[in-house]
Amino acid sequence: MIIFILIIFSFHFLRKSQFKLPGEAILFIMCSFPIFATFERGQIDTLVMYLTFLSFDVFQNRIPNSFLTASFLLAISSCIKVFPIVTLVYYLFNKKFKYLISAILFTILVFFLPLLYFDFSVYQHFFQVILPNIFGEITTSETINTHGQNVVNNLVIAIGNTGLENTGLIASRNLSNGYMNPFLKNNTLGALLIGLAAMISLLILNRKNSKEYQFYAILNTINLFNPKAWIMGLVWYFPTFFSLYPQVNKWGKFVILIPIFMPPFTNTNAMLAVVITLLFSVCLNNQKFGRYLLKREYINQDNETTI
């Protein structure tokens, strides 16, 4: 499924760029740390990212009542993983109130629909996981070490301690550790405030750029909203990467490749993605800075870059 989604996602950008997107850009994505970790952990971040991206794309097509389909897609992605809901700030900033209202209503509907089958305790546990300081931590009669991933984690450590490091299990465990937001990994409120500040900054910086790039840029802040972001979450950087790749020069290519190939143990990938997105947001608006990282044909004479 991961490969299938990546192929569709890549083809979408190929078509959108009128097939100017070099094949090497797709190859870089397929061989990047976020994709390796996605396969290794069996995560669905690519699906959530694609649904969020597709929601925006459907809305941009401006087909009558497309906002209903688009908002429903965002509701689905937000109920799979909660963080895409923060993209509503983009629609609020751009005064897309019909989309905003329908997305909120669809999200509430999809979120509470499982109540017809599940007990309310499922929702209680959900809020305890994401907001333990408010709703309290999950308590159980069994020790936490007998639950879920801790069993696998303890097994990996046990094997590693026997001197079998060449199994690759220890390296695999250290590839993704949930610390891509290192300064706010235990601070949910701080992550929310920093993520919101970064998103507003990107919205303002990109107000003269295309709506596509403005939306792709704010997707990178999702890893700031998440206090325990993992390397798999860097798939939110892919739309920005694909949109910029045909426009950058050789130095620009080097810069935009840094987040996806920086070793994950540095815990800097998510921060680098946001900083680099901010950097190109400035370059796209200013010929003086843009000439260092962008191809000449993408910089016009009015100190604005076309995208």
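1. **Ground rules.** Numbering starts from 1 along each chain as its sequence is written, and side-chain values use heavy atoms, with hydrogens and water left out. Because the model is predicted, local features need pLDDT of at least 70 and side-chain atom pairs count only at pLDDT 80 or more, while totals for chains, interfaces and linings use all residues.

2. **Overall make-up.** The protein chain has 18 helices and 0 strands. Helices here are DSSP runs of H or I with at least four residues, strands are runs of E with at least two, and both are numbered from the N terminus. The chain has 307 residues, and 44% of them count as buried. Buried means under 20% relative accessible area, exposed means over 50%, and partly exposed lies in between, with a 1.4 Å probe and protein chains only. Take the contacts between residues at least 6 apart in sequence: 67% of them join residues at least 24 apart. Contact means heavy atoms within 4.5 Å.

3. **Helix 5.** This helix covers residues 66-80, 15 residues in total. From first C-alpha to last it reaches 22 Å, close to the 21 Å expected at 1.5 Å a residue. The expected span is 1.5 Å times one less than the number of residues. The buried residues of helix 5 include Phe67, Ala70, Leu73, Leu74 and Ser77. An α-helix has 3.6 residues a turn, so residues three or four places apart point the same way. The partners of the buried residues in helix 5 are helix 4 (45-60), helix 6 (88-93) and helix 7 (97-112).

4. **Helix 16.** Helix 16 has 12 residues. Its end-to-end C-alpha reach is 16 Å, close to the 16 Å expected. Gly252, Val255, Ile256, Leu257, Pro259 and Ile260 are its buried residues. They pack against helix 2, helix 3 (33-41), helix 15 (238-244) and helix 17. Two of these partners are taken up next.

5. **Helix 2 on helix 16.** Two packed helices are described by the angle between their axes and the distance between the axes. Axes are lines fitted to C-alpha atoms, for helices over the stretch in contact, and angles run from 0 to 180 degrees between N-to-C directions. Helix 2 (residues 23-30) and helix 16 (residues 250-261) have axes that come within 10 Å and cross at roughly 25 degrees. So helix 2 is roughly parallel to helix 16 (angles under 35 degrees count as roughly parallel). The crossing is right-handed, that is, the near helix is turned clockwise from the far one by less than a right angle. On the helix 2 side sit Glu24, Phe28 and Ile29; on the helix 16 side, Lys253, Leu257, Ile260 and Phe261. By class this contact has 5 nonpolar, no polar and 2 charged residues. Nonpolar covers Ala, Val, Leu, Ile, Met, Phe, Trp, Tyr, Cys and Pro; charged covers Asp, Glu, Lys and Arg; the others, Gly among them, are polar.

6. **Helix 16 on helix 17.** Here the axes are 7 Å apart and the angle is about 150 degrees. Helix 16 brings Gly252, Val255, Ile256, Ile258 and Pro259, and these meet Asn269, Leu272, Ala273, Ile276, Leu279 and Phe280 in helix 17. The tally is 9 nonpolar, 2 polar and no charged.

7. **Two loop residues to check.** Gln18 has phi near 55 degrees, a positive value in a residue other than glycine. Gln18 lies in the loop between helix 1 (2-16) and helix 2. With 63% relative accessibility, Gln18 counts as exposed. Asn267 also has phi near 55 degrees, in the loop between helix 16 and helix 17 (269-283). Asn267, however, is buried, at 16% relative accessible area.

8. Which residues does Phe9 contact, leaving aside neighbours within four places in sequence? They are Met49, Tyr50, Phe53, Phe238, Pro239 and Phe242. Phe9 lies in helix 1 and is buried at 1% relative accessible area. Met199 lies in helix 12 (residues 188-205) and is buried at 0%. Met199 and Val89 are 110 residues apart in sequence, yet 8.2 Å apart C-alpha to C-alpha. Thr277, in helix 17, is buried at 0%. Beyond its neighbours within four places, Thr277 is in contact with Leu202, Tyr213, Ala217, Asn220, Tyr237 and Thr240.

Note on methods. Angles under 35 degrees count as roughly parallel, over 145 as roughly antiparallel, 65 to 115 as roughly perpendicular and the rest as oblique.
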